[in-house]
Amino acid sequence: MRNALGLMLVSVVAAVVIAGVWFWTSSPRADAAPPQTIAARKAEPLPPAAAKSAANDDVQVTASLSKPAPMAALAPAAAPIAPAQQKPACANPNALGVARTVVIDTSGGPGFGFEHFKHLDFLQDKEVVLTFDDGPWPNNTQAVLKALADECTKGLFFSVGKHATYHPEILRQVLAAGHTVGTHTWSHVNLNNKKMTEQQVKDELEKGFSAVKMALGQPPAPFFRFPQLQHNPAAVAYLGTRNVAMFSTDLDSFDFRSKNAEQIINTVMTKIDKLGKGIILMHDFQKLTGEALPTLLQRLKAGGYKVVHMKAKTPFDTLPEYDAMMVKDQKLPQISSRPVSAVVQTVSD
Ligand SMILES: [Zn+2]
């Protein structure tokens, strides 16, 4: 009996050692995939094809796991399930990727972007943050998403509340692709305009967050950018009480007034080469930005720049009265999707 137990114990130990050696020796293959740290792989593992939606990703992962399961149960020592559990690596071996993912504690309303906020200098030399304003917008936002997916990299999107209500499905694609979604007011007004009352400023901020929450089906990051970078001091103080991080920029691409894609690329590369690092302001709302981005991302990679992906530690806590306002403003839902021919039948001509 004792011998039998001992034998079983030896077999189990042997199996564990074999599995361990197998996993150890096979791991470097995954690490051979291009210039991404472990943190980066965890944060942004989707290849372009899978980046279309989170649903797609879930289906792929579930399917690949469900097949080997019975085999694994029969032969635990050989259990080749570790690779299936890893999300697919980036399909582009020369991708820009994500070098570092940072999580921001937004308590008290920290400010980023040296053009206005010089306190938090968290980027290392050659590090950039890609930011996109004013979306979601048909075609243009998707062009930006595709360029980012092709380079297996991530950005930060500041959505206009109204645009989020026009095109919620596009904003959900942004989120599903693993990007961070913040806000940019309800209607893109200049909050520093002297005609704006305190209540109007608050409404613009809160409605923006609630609209983006409604579009996403979950609260956005407590990240905000002032339209036209017009920082109303009272609004800055208010956002501080709401624990919202505020984003200015280190360099403006001026994509909205550029004549062509080349001009955007040259503006960004000239400025970043001078600064050495920084938060880059672009617009997924602009058609030319999507056109410039594939080349721009390759130029950044060639120049030795690395992308930092910014995430929020906790989601934004919307105010219930503004959430209710959004629901009330929404059009009546469509409750039947049957085709006209199924609903309306001609009984006499
Ligand atoms: Zn804007």
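What follows is a set of questions and answers on a predicted model.

Q: What makes Asp134, His184 and His188 donors of the zinc ion?
A: Asp134 (OD), His184 (NE2) and His188 (NE2) coordinate the zinc ion at 2.1 Å. Donors are N, O and S atoms within 2.8 Å of the metal, so these atoms qualify. Along the chain, the spacing of the donors is D-x49-H-x3-H.

Q: Why is His184 called buried?
A: The relative accessible area of His184 is 2%. Buried means under 20%, so His184 is buried.

Q: Why does His188 count as partly exposed?
A: His188 has 28% relative accessibility. Buried ends at 20% and exposed means over 50%, so His188 falls in between.

Q: How many aromatic pairs are found in the whole structure?
A: The search finds ten.

Q: Why is the pair of Phe223 and Phe247 called tilted?
A: The ring centres of Phe223 and Phe247 are 4.9 Å apart, and the planes stand at 50°. Centres within 6.5 Å make a pair; planes under 30 degrees count as stacked and over 60 as edge-to-face, so this pair is tilted. Phe223 lies in strand S6 and Phe247 in strand S7, so the pair ties together parts that are 24 residues apart in sequence. Both Phe223 and Phe247 are buried. Together with Phe112, Phe122 and Phe158, Phe223 and Phe247 form one aromatic cluster.

Q: What sits over the ring of Tyr305?
A: The charged end of Lys126 does, 4.3 Å from the ring centre.

Notes: Residues are numbered from 1 along each chain as its sequence is written. This is a predicted model: local features need pLDDT of at least 70, side-chain atom pairs count only at pLDDT 80 or more; totals for chains, interfaces and linings use all residues. Side-chain values use heavy atoms; hydrogens and water are left out. Donors are N, O and S atoms within 2.8 Å of the metal (3.2 Å for Na, K and Ca); water is not among the atoms, so sites may look incomplete. Buried means under 20% relative accessible area, exposed over 50%, partly exposed in between (1.4 Å probe, protein chains only). Rings of Phe, Tyr and Trp (its six-membered ring) pair if their centres lie within 6.5 Å; planes under 30 degrees apart count as stacked, over 60 as edge-to-face and the rest as tilted. Helices (H or I, at least four residues) and strands (E, at least two) are DSSP runs, numbered from the N terminus. A charge sits over a ring if NZ of Lys or CZ of Arg is within 6 Å of the ring centre and within 35 degrees of the ring normal.
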